[in-house]
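Please read the following note with the model open beside you. The points are meant to be checked one at a time.

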Amino acid sequence: MGFLNDRKDDAKAAAADGRPGDAADIVIHALLEGPGNIVDNLMDMSSDDKSK
């Protein structure tokens, strides 16, 4: 899931930069716009990608 992992990385960077509101917006939009339904997208974003 490249799209979701990219958005997760974007959210982590925003949080690290002290922008928690931006991080939350990124996660919400990724869940809504991702390739699966919201639950599948949430599960994909919450799991650690072992292939990196």
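This is a predicted model: local features need pLDDT of at least 70, side-chain atom pairs count only at pLDDT 80 or more; totals for chains, interfaces and linings use all residues.

1. Residues are numbered from 1 along each chain as its sequence is written, and side-chain values use heavy atoms, with hydrogens and water left out.

2. Helix 1 covers residues 2-16 and packs against helix 3 (residues 38-46) at an angle of about 60 degrees, the axes being 9 Å apart; helices here are DSSP runs of H or I with at least four residues, and axes are lines fitted to C-alpha atoms over the stretch in contact, with angles running from 0 to 180 degrees between N-to-C directions.

3. In the contact between these two helices (heavy atoms within 4.5 Å), L4, R7 and K8 of helix 1 meet N41, D44 and M45 of helix 3.

4. The buried residues of helix 1 are L4, N5, K8, A11 and A14, where buried means under 20% relative accessible area, with a 1.4 Å probe and protein chains only. Among the elements that cover these residues are helix 2 (20-33) and helix 3.

5. N5, which lies in helix 1, counts as buried because its relative accessibility is 12%. Although N5 and D44 are 39 residues apart in sequence, their C-alpha atoms are 8.2 Å apart in space.

6. Just after helix 1, G18 adopts a positive phi of about 80 degrees.

Notes
Buried means under 20% relative accessible area, exposed over 50%, partly exposed in between (1.4 Å probe, protein chains only).
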